[in-house]
Amino acid sequence: MKMFRLKSRAGAATVASAAAISVVFAAGAARAEPASAPATRPGPDQSAAVLAAHQSAAAVPLDRLTVASTQVAFGLRRPTAMIAPDDGSGRLFIAEKTGTVRVYHPDSGLATDPLLDISDRVDISGNERGLIGIATAPGFATDPAIYLAYTALPDGAVTLSRLPLDAPDQQPVPVDTEEVLLTQPHAEFANHNGGQLAFGVDGHLYWSIGDGGGADDVLDTGQDLGTLLGKILRIDVSAACGALPYCVPEDNPFVDEPGARAEIWAYGLRNPWRFSVDPADGSLWIADVGQGSYEEVNHLRGVAGANLGWSCREGPVEFDPQRCDPAADYTDPVFHYQTSVGGCAVIGGHVYRGSAFADIAAGTYLATDYCSATAYAIRPTADGGYDTAVIGELPIQPTTIGVAGDGELYLVNDLPGQLHRISFAAEVDPDPTGECQIGYWVDSDWGAGFTSTVTIHNTGTEPIAGWSVGWDFTGAQRIEWPWNAVTTQQGTTVTAGNAAWNGAIPPGGTVSFGFLASSDGSGAGGLPAVFTLNGLECAVPEPSAG
């Protein structure tokens, strides 16, 4: 057994860092006359300069960023989604599973009477069915309309509809004017309905639908372009084309592909319960709930027709080889965590673009998990990579994160029925004189793979409240399965952060974690040149045999 021991000068009290849920027309009928994107709406700008400019304000590294929440309302009934109308009112519209929408305002609190009620047409059988998505038209003040995604009676068909208002402040909203725009049959299983609605910076409406439910992609929809299941759609709801109450944008990726649904924007998804659009660059952040091994977050910057892999792949690994196409170009997630370690279902959030915490959190994507409520932060880097960290915990059973009109973030949770305002803070600079030791053992090495154990020893006088160990492999080594840690890997760069139960290390205490890794035949390779603990570089001594 090879053993490497190193001594680190790392901070004692830092936050944890880690890597961390039919259309009734025939398929051909949806291929309506295309409509161009509205000329008055800017398209997304994916240039590195723009991205770097938006991120430069966030001077605090992720491993020093923390998150907190403050309860501002309660009494919601299984809230599922929320949106801030673009009318300057400061309101939040909060959808509830049963088919109602409630209004919250910071000055008056949560209104008792619903804004609208479509419970007479919503199928709420099964835990994942109900009213599951809400969006408001851009320029709501002059074009007041509410868009809803729900599972409809009698058979759970996933439904997109529009409710026009006479005025932005109309309440209650009359529901007899509802116009159903698009439906997708979903009768076989009650789960995996997706449901997120969001307008892009291009003015088009994006809608996520799950793979049809069950397990293992039993309906085989993830890679099938002939169905809307397991997809994110993109449609123009500002006009009608032919018999359809919407149009298919002419630059949708599969408009001209025989047998494909023209509404599809991205595919290969299992259950994209929540995705969001970054208003700074128009990119999509998609959180896809895993089968049971990995939860994942995908980031699409102006990519049309991306294949996110399901059910060939789940997270970073192969799931079903029989559904893999050697010629396919699968888009890997930018972040993933092991389901059994980090939670049970990823809940996607938003990139923070508010002003209250812009100096420390601007450009940071926040996500969480329904079971663990762990707060995961992701931030793109100038070199095209991503920094990730666990930055605290949020209220239990979160179902969605929303953005208020002022850019600040809010969260609702399921059975507690609460609304929380999210805030950020920065840890003080780590104490550069704090010392620790890290042991790195290669337990077994068979050329094509190896197992390793890493031990952190806190030799300082202050407790460590959350840890993150980082290094670069020397070759093609890749972590496939960690234990007692949550890992992520970008290229050769590895970050291993504490699990929920082992983040605290008292003075004199130790914590160990391990992993199984694959290799190209060179085994474990040499000792990585540099190790970091909580962001600080560690001295690397000569390796010794163990």
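These entries record what I looked up in a predicted model.

**Entry 1: an open sheet**

I traced an open sheet of 5 strands, which run in the order β12-β13-β14-β15-β19 with mixed pairing. I noted that β12 (197-199) and β19 (306-307) stand at the edges, each with a single partner strand, so one side of each lacks a neighbour in the sheet. I then followed β12 to its partner: it pairs with β13 (residues 205-209) in the antiparallel sense, over 3 bridges. Within this pairing I found Phe199 opposite Leu205 of β13.

**Entry 2: the largest cavity**

I looked up the largest cavity and recorded a volume of about 60 Å³. Its lining includes Gly268, Arg270, Asp288, Tyr294, Glu296, Trp310, Arg313 and Glu314. I sorted the lining residues into 4 nonpolar, 3 polar and 5 charged. Strands β18 (294-300) and β20 (313-314) each supply at least two residues of this lining.

**Entry 3: Thr368**

I located Thr368 in strand β24 (residues 365-369).

I next listed its contacts beyond four places in sequence; among them are Tyr337, Val346, Ile347, Tyr376, Leu394, Pro398 and Ile401. Ala373 and Thr374 also touch Thr368. For the side chain of Thr368, I noted a polar atom 2.8 Å from the backbone oxygen of Thr374, and a polar atom 3.4 Å from the backbone oxygen of Ala373. Finally, I checked Thr399: it is 31 residues from Thr368 in sequence, and the two C-alpha atoms are 9.0 Å apart.

Note on methods
Residues are numbered from 1 along each chain as its sequence is written. This is a predicted model: local features need pLDDT of at least 70, side-chain atom pairs count only at pLDDT 80 or more; totals for chains, interfaces and linings use all residues. Side-chain values use heavy atoms; hydrogens and water are left out. Two strands pair if DSSP finds at least two bridges between them. Helices (H or I, at least four residues) and strands (E, at least two) are DSSP runs, numbered from the N terminus. On a 1 Å grid over the protein atoms alone, a cavity is a set of points where a 1.4 Å probe fits but cannot get out, and a pocket is an open set with protein on both sides within 12 Å along at least five of seven lines; lining residues have an atom within 4 Å of a point. Grid points are joined across faces, edges and corners, and a volume is the space filled by probe spheres set on the points. Ala, Val, Leu, Ile, Met, Phe, Trp, Tyr, Cys and Pro count as nonpolar, Asp, Glu, Lys and Arg as charged, and the others, Gly among them, as polar. Contact means heavy atoms within 4.5 Å. A polar contact is a pair of N or O atoms within 3.5 Å; within protein, one must be able to donate a hydrogen and the other to accept it, and residues adjacent in sequence count only if both atoms are side-chain atoms.
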